[in-house]
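Open the model in your viewer and keep the selection tool at hand. Each stop says what to select and what is there.

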Amino acid sequence: MLKIHQLSKKLDETEILKNISFDIEQGTITGLIGRNGAGKTTLLRTIVGILSPDEGAILIDNKDITIEPNTRNQIAYMSDTTNFIKQFTVKELITIYENAYPNFDKEKFLDALNKYKLPHGSLRKYSKGMKTLLYLLLTFSTGANYVILDEPTNGLDPVVKRTVLQLIIEYASTNSVGVLISSHHLVELEKIIDQYLFLKEGTIDNVATMEESTNKHFKLQVAFENGLPSEIAELEHVSVFSKTGKVAILIVSGQKEEFLQTLGKRNPLLLEELPLTLEDLFFLKDGGELYV
Ligand SMILES: Nc1ncnc2c1ncn2[C@@H]1O[C@H](COP(=O)(O)OP(=O)(O)OP(=O)(O)O)[C@@H](O)[C@H]1O
């Protein structure tokens with residue numbers, strides 16, 4: 001298990017990460033979500049050792065990676081830019097990765113290059129999608145038990161995006177790799193993750209599976225002759241997601257049956273449950289002033 005234990009990190013005297021703890025199991029995919037500037041990249045860079053924590057520890061199977069540095073090759077990182085890899089040829093990258101990761105599987109990597117029709121040699125003729133695929137294949141060929149991916153689907157066309165997501169699922173399940181992936185593409189992320197971490201202002205606001213969240217919250221579309229009654233809108237456990245004329249969409253926390261009865265007493269013209277998405281949960285947690 002990869003354990004992040006009470007991690008804190010300051011950058012330029014500003015506390016970016018505050019007492020963060022969570023676990024990643026092998027063979028599972030965890031989505032890391034949060035607003036721009038929430039601290040996602042800082043967290044990922046601290047986990048992989050690019051930044052050193054001010055407080056707290058990163059443990060693999062109870063071994064602190066700062067005390068036992070050879071445990072570090074159990075974590076592979078794909079950064080949010082391809083700037084690092086694009087200066088090398090494929091051959092040079094293989095050498096770099098073989099030196100960094102003793103379990104780098106060169107044969108599997110070369111097979112994957114052929115499968116995805118990625119040319120050997122210089123990356124100068126590679127498109128952004130090809131560079132991303134190459135970077136992902138390198139990362140997953142390291143033999144590391146944990147893979148940290150920073151916004152791997154950014155700027156990809158829908159076909160490459162789908163390939164990248166399928167690759168992540170395939171490698172995580174067949175090689176029992178624990179994946180931590182940050183992304184703003186919540187619709188896609190929701191389809192592949194086992195749990196999500198919500199980072200807000202440097203702290204973990206929530207760790208949950210979608211199932212746990214859908215047991216706690218629900219989404220309703222309602223319509224009332226004179227619009228949403230204010231006594232409903234003002235209830236503490238009700239968030240008004242949108243309001244247009246008679247119709248409103250609500251995200252509600254707590255007991256569903258009880259709330260449906262409360263609404264029923266006010267004779268709604270429409271009362272319909274909608275599927276709750278990761279995007280809804282994101283707005284619920286950190287919609288800020290953009291909310292309604
Ligand atoms: N080298 C640095 N020195 C000082 N502050 C920094 C540094 N790098 C990042 N920050 C600040 O740390 C905060 C968190 O940045 P970070 O890049 O980790 O956020 P993020 O959640 O990954 O954002 P995004 O979704 O936009 O990629 C931001 O306020 C940012 O301005």
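Show the chain as a cartoon: its secondary structure comes to eleven helices and 14 strands. Helices (H or I, at least four residues) and strands (E, at least two) are DSSP runs, numbered from the N terminus. This is a predicted model, in which local features need pLDDT of at least 70 and side-chain atom pairs count only at pLDDT 80 or more, while totals for chains, interfaces and linings use all residues. Residues are numbered from 1 along each chain as its sequence is written, and side-chain values use heavy atoms, with hydrogens and water left out.

**The whole chain**

Zoom out. The C-alpha trace spans about 70 × 40 × 35 Å along its principal axes. Of the 292 residues, 47% count as buried (under 20% relative accessible area; exposed is over 50%, partly exposed in between; 1.4 Å probe, protein chains only). Now consider contacts (heavy atoms within 4.5 Å). Among those with a separation of 6 or more, 70% join residues 24 or more positions apart.

**The open sheet**

Select S1, S2, S4 and S5. These four strands form an open sheet in the order S2-S1-S4-S5, with antiparallel pairing. Strand S2 (14–24) and strand S5 (63–64) stand at the edges with a single partner strand each, so one side of each has no neighbour in the sheet. Two strands pair if DSSP finds at least two bridges between them.

Which residue stands opposite Leu2 in S4? It is Ile60. Five bridges join S1 (residues 2–11) to S4 (residues 55–60). On to S2: seven bridges join S1 to S2. Here Lys9 stands opposite Leu17. Next, select Asp12 in the hairpin of S1 and S2. Two residues lie between the strands, and Asp12 takes a positive phi near 50 degrees.

**The ligand**

Of the 13 residues around the ligand, Asn36, Gly37, Lys40, Thr42 and His184 come nearest. Helix H1 (residues 40–47) gives the largest share of the shell, three residues.

Look at the ligand's oxygen atoms. A polar side-chain atom of Asn36 lies 2.9 Å from one oxygen atom of the ligand. A polar backbone atom of Gly39 is 3.0 Å from an oxygen atom of the ligand. For a backbone N or O atom of Thr41, the distance to a ligand oxygen atom is 2.9 Å. The protein covers 59% of the 640 Å² of accessible area that the ligand has on its own (Shrake-Rupley method, 1.4 Å probe).

**Thr153**

Select Thr153, in the loop between strand S7 (146–150) and helix H6 (158–174). Is Thr153 buried or exposed? Thr153 is buried, with a relative accessible area of 3%. Leaving out residues up to four places away in sequence, Thr153 touches Lys161, Val164, Leu165, Ser183 and His185.

**Gln195**

Finish at Gln195, in strand S9 (residues 195–200). Gln195 counts as buried, at 19% relative accessibility. Its side chain makes a polar contact with the side chain of Thr30 (3.0 Å). A polar contact is a pair of N or O atoms within 3.5 Å; within protein, one must be able to donate a hydrogen and the other to accept it, and residues adjacent in sequence count only if both atoms are side-chain atoms. Not counting residues up to four places away in sequence, Gln195 touches several residues, including Asp23, Ile29, Val207 and Thr209.

Conventions
Near = heavy atom within 4 Å.
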